[in-house]
Amino acid sequence: MRVIRLVCALLLATLVSSEATERKAKIVDTSFEYNALNCRAHSASLTDFGGVGDGNTSNTKAFQSAISYLSQYASKGGAQLYVPAGKWLTGSFSMTSHFTLYLNKDAVLLASQDMNEWPVIKPLPSYGRGRDAPAGRYTSFIFGTNLTDVIVTGDNGTIDGQGAFWWQQFYNKRLNYTRPYLIELMFSDKIQISNLTFLNSPSWNVHPVYSSNIIIKGLTIIAPVPSPNTDGINPDSCTNTRIEDCYIVSGDDCVAVKSGWDEFGIKFGWPTKQLVIRRLTCISPQSAAIALGSEMSGGIQDVRAEDITAIHTESGVRIKTSIGRGGYVKDIYVRRMTMHTMKWAFWMTGNYGSYANNSHYDPKALPEIKGINYRDVVADNVTMAATLEGISNSPFTGICIANVTISMADKANEKPWTCTDIEGITSGVTPKPCNSLLDKGPEKIKTCDFPPEILPIDLLELKKCTYNIKHA
């Protein structure tokens, strides 16, 4: 009997020791590095705060607790929250200053479909109302306001908005508030959003607003083409922004530059300026690769886009505005753009409509559109070269188009150019533009050049940051 008891005790001890070893083995030592505006002195894993990456458990409290705890290090070298491999279901959560959210390559953030996990906040002051409904709006999935030095990055980890739930609510007119975006950072400075995949946003994907010194780099953004208002990247009343190396498939504009809506945007008066867009690839059969407006009432100035590829996209560059918008779009420069299978290469309209208040907009608030420059553009299989429609008694002026070759589709419009209320020049453009764009001949083919000076955002460099994290 004693021998049996001894054997049982040894077996039990072995089992306990094995379980302890197994628990110890679950602690993973992860090393990684990436380039960032700033490195962090402190790091923690979401699992340290009770996070469960099973795709079913809500992690809203885990994210909130982790970020609240790590905020204490803002003045002590900053902090980083590491999200390991797994499917992490969560509602909206807010960022803090001097903080990095880093997603492992196999980490997926899943946006909750429980509307109780999406607090409602006031409309943006430059819009005066929500986009989907007059009242407020659901807080964005990853949100922050009045912050400094904020980074959302990863090793191409995924943020999945699970937007079908929200799209159905929108189509069935069941929304009392405007749909959330995947990322929105307001009134903030020094922002980096990089090396991530965004899927199925409820509405806009990336929305920096009233912010400055922003780098958006290496994003893959994908939404079904029929999905409503799933714009890719929308810099809105922002200064000194750089968007580069992004691939976007969207149900709306791939990049939409904005600055407020009608009388609210005019009053708020916060323009978007000093914006660089480069090495963008866009697929958007229903919208534009780059749109300026239509909400541009605070003004848009000094936008520089280069090395842009648009495929199966409605228009390459689109400027959209209306009587009542006020504001301006000026000093816009686009070069080295390649387009395949397009409805329009270029589109401008002063009759877009879509007012914040259909019965109270100011008909005397006329937008100013001038200094629009396109050069070194090649497009094929295009239905219509351009539709350029200014505003009667307020023409769009200073349009310059040079070194552009547009090959028309077999069933192209018989009249490739339509122009009303515009003024400008061209050089080396095929097919022949409309008469209101004066042909200056091939000797002027180097017109419409980029400004030579470098914008401040291109002087902002990223540092190499190296980390080793132990986590469950």
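Analyst: Lys330 lies over the face of Tyr328, at 4.6 Å from the ring centre. A charge sits over a ring if NZ of Lys or CZ of Arg is within 6 Å of the ring centre and within 35 degrees of the ring normal. Arg131 is placed over the face of Trp261, and its distance from the ring centre is 4.5 Å.

This is a predicted model: local features need pLDDT of at least 70, side-chain atom pairs count only at pLDDT 80 or more, and totals for chains, interfaces and linings use all residues. Residues are numbered from 1 along each chain as its sequence is written, and side-chain values use heavy atoms, without hydrogens or water.

The protein has a mean of 94, with 95% of its residues at 70 or more. Where pLDDT is low, the predicted coordinates should not be read in detail.

Next, ring against ring. Rings of Phe, Tyr and Trp (its six-membered ring) pair if their centres lie within 6.5 Å; planes under 30 degrees apart count as stacked, over 60 as edge-to-face and the rest as tilted. That rule gives 28 aromatic pairs. Tyr34 and Tyr102 are stacked, because their ring centres are 4.9 Å apart and their planes meet at 20°. Tyr34 is in strand β1 (residues 28-36) and Tyr102 in strand β7 (residues 99-103), so 68 residues separate them and the pair links distant parts of the chain. Helices (H or I, at least four residues) and strands (E, at least two) are DSSP runs, numbered from the N terminus. Both Tyr34 and Tyr102 are buried. Buried means under 20% relative accessible area, exposed over 50%, partly exposed in between (1.4 Å probe, protein chains only).

Tyr138 and Tyr177 are edge-to-face, because their centres are 5.6 Å apart and their planes stand at 85°. This pair also links distant parts of the chain: Tyr138 is in strand β10 (residues 137-138), Tyr177 in the loop between α3 (164-171) and β14 (183-186), 39 residues apart. Tyr138 has 8% relative accessibility and counts as buried. Tyr177 has 29% and counts as partly exposed.

Now the strands. Two of them pair if DSSP finds at least two bridges between them. An open sheet of 4 strands runs in the order β6-β11-β14-β17, with parallel pairing. Its edges are β6 (93-94) and β17 (206-209); each has a single partner strand, so one side of each is left without a neighbour in the sheet. Inside it, β11 (residues 142-145) and β14 share 4 bridges. Ile142 has Ile183 in β14 as its bridge partner.

Back to β25 (residues 328-349): 16 bridges join it, in parallel, to β24. Arg304 stands opposite Tyr333 in β25. Strand β24 (residues 300-320) is mostly covered, with 16 of its 21 residues buried. β24 also runs parallel to β22 (residues 272-283), over 10 bridges. There Ile283 stands opposite Ile311.

How values were computed. pLDDT = per-residue confidence, 0-100.
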